[in-house]
Amino acid sequence: MTTSSTKTRPTHRVYAVTKNGAKGFWQPIGAMWAHADANGFNLRIDYLPLTEAEIVVRVAGDKEAEAGADAQ
């Protein structure tokens with residue numbers, strides 16, 4: 001069993017990315033952070049359903065993603 005750390009702040013933001021033509025819409029849906037032993041991650045998703053959305057994880061504080069940049 002791995003030890004997880006829920007006392008630290010999330011290090012990554014989780015987005016559901018849906019396409020509208022050539023543009024992508026980035027909806028923040030949760031957060032992710034590393035376990036204390038660095039062998040895994042905790043993932044918290046606060047948004048369902050995820051129909052036809054690509055799940056993207058970016059480093060927390062990524063201004064481009066938080067501004068709703070085009071999906072890659």
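Mentor: Start with the sheet. Four strands form an open sheet in the order β3-β2-β1-β4, with antiparallel pairing. The edge strands are β3 and β4, and each pairs on one side only. On average, neighbouring strands of this sheet are turned by 35° against each other, direction ignored. The angle is taken between axes, which are lines fitted to C-alpha atoms (for helices over the stretch in contact); angles run from 0 to 180 degrees between N-to-C directions.

A word on the source. This is a predicted model, where local features need pLDDT of at least 70, side-chain atom pairs count only at pLDDT 80 or more, and totals for chains, interfaces and linings use all residues. Residues are numbered from 1 along each chain as its sequence is written, and side-chain values use heavy atoms, with hydrogens and water left out.

Now the terms for the sheet. Strands (E, at least two residues) and helices (H or I, at least four) are DSSP runs, numbered from the N terminus. Two strands pair if DSSP finds at least two bridges between them. The chain has one helix and four strands. Along the sequence the pattern is β-β-β-β-α.

Take β1 with β2. Strand β1 covers residues 12-20 and strand β2 covers residues 23-34. They pair in the antiparallel sense over nine bridges. Thr 18 stands opposite Phe 25 in β2. The two strands form a hairpin with two residues between them. Gly 21 in that turn has a positive phi of about 70°.

Next, β1 with β4. They pair in the antiparallel sense over six bridges. Ala 16 stands opposite Ile 55 in β4. Val 14 stands opposite Val 57 in β4.

The structure holds one aromatic pair. Tyr 15 and Trp 26 form this pair, edge-to-face, at 5.4 Å centre to centre and 65° between the planes. Tyr 15 is in strand β1 and Trp 26 in strand β2, 11 residues apart, and the pair links distant parts of the chain. The rule takes rings of Phe, Tyr and Trp (its six-membered ring) with centres within 6.5 Å; planes under 30 degrees apart count as stacked, over 60 as edge-to-face and the rest as tilted. Both Tyr 15 and Trp 26 are buried. Buried means under 20% relative accessible area, exposed over 50%, partly exposed in between (1.4 Å probe, protein chains only). Buried residues make up 29% of the 72 residues in the chain.

Now the loops. Ala 38 lies in the loop between β2 and β3. Its phi is near 65°, a positive value in a residue other than glycine. Most residues other than glycine have a negative phi. Ala 38 is exposed, with a relative accessible area of 64%.

Move on to Tyr 47. Tyr 47 is found in the loop between β3 (41-45) and β4 (54-59). Tyr 47 is partly exposed, with a relative accessible area of 35%.

Finish with a charged pair. Asp 46 forms a salt bridge with Arg 44, the closest N and O atoms being 3.1 Å apart. A salt bridge is a side-chain nitrogen of Lys or Arg within 4 Å of a carboxyl oxygen of Asp or Glu. By this rule the count comes to one salt bridge. Asp 46 and Arg 44 are both exposed.
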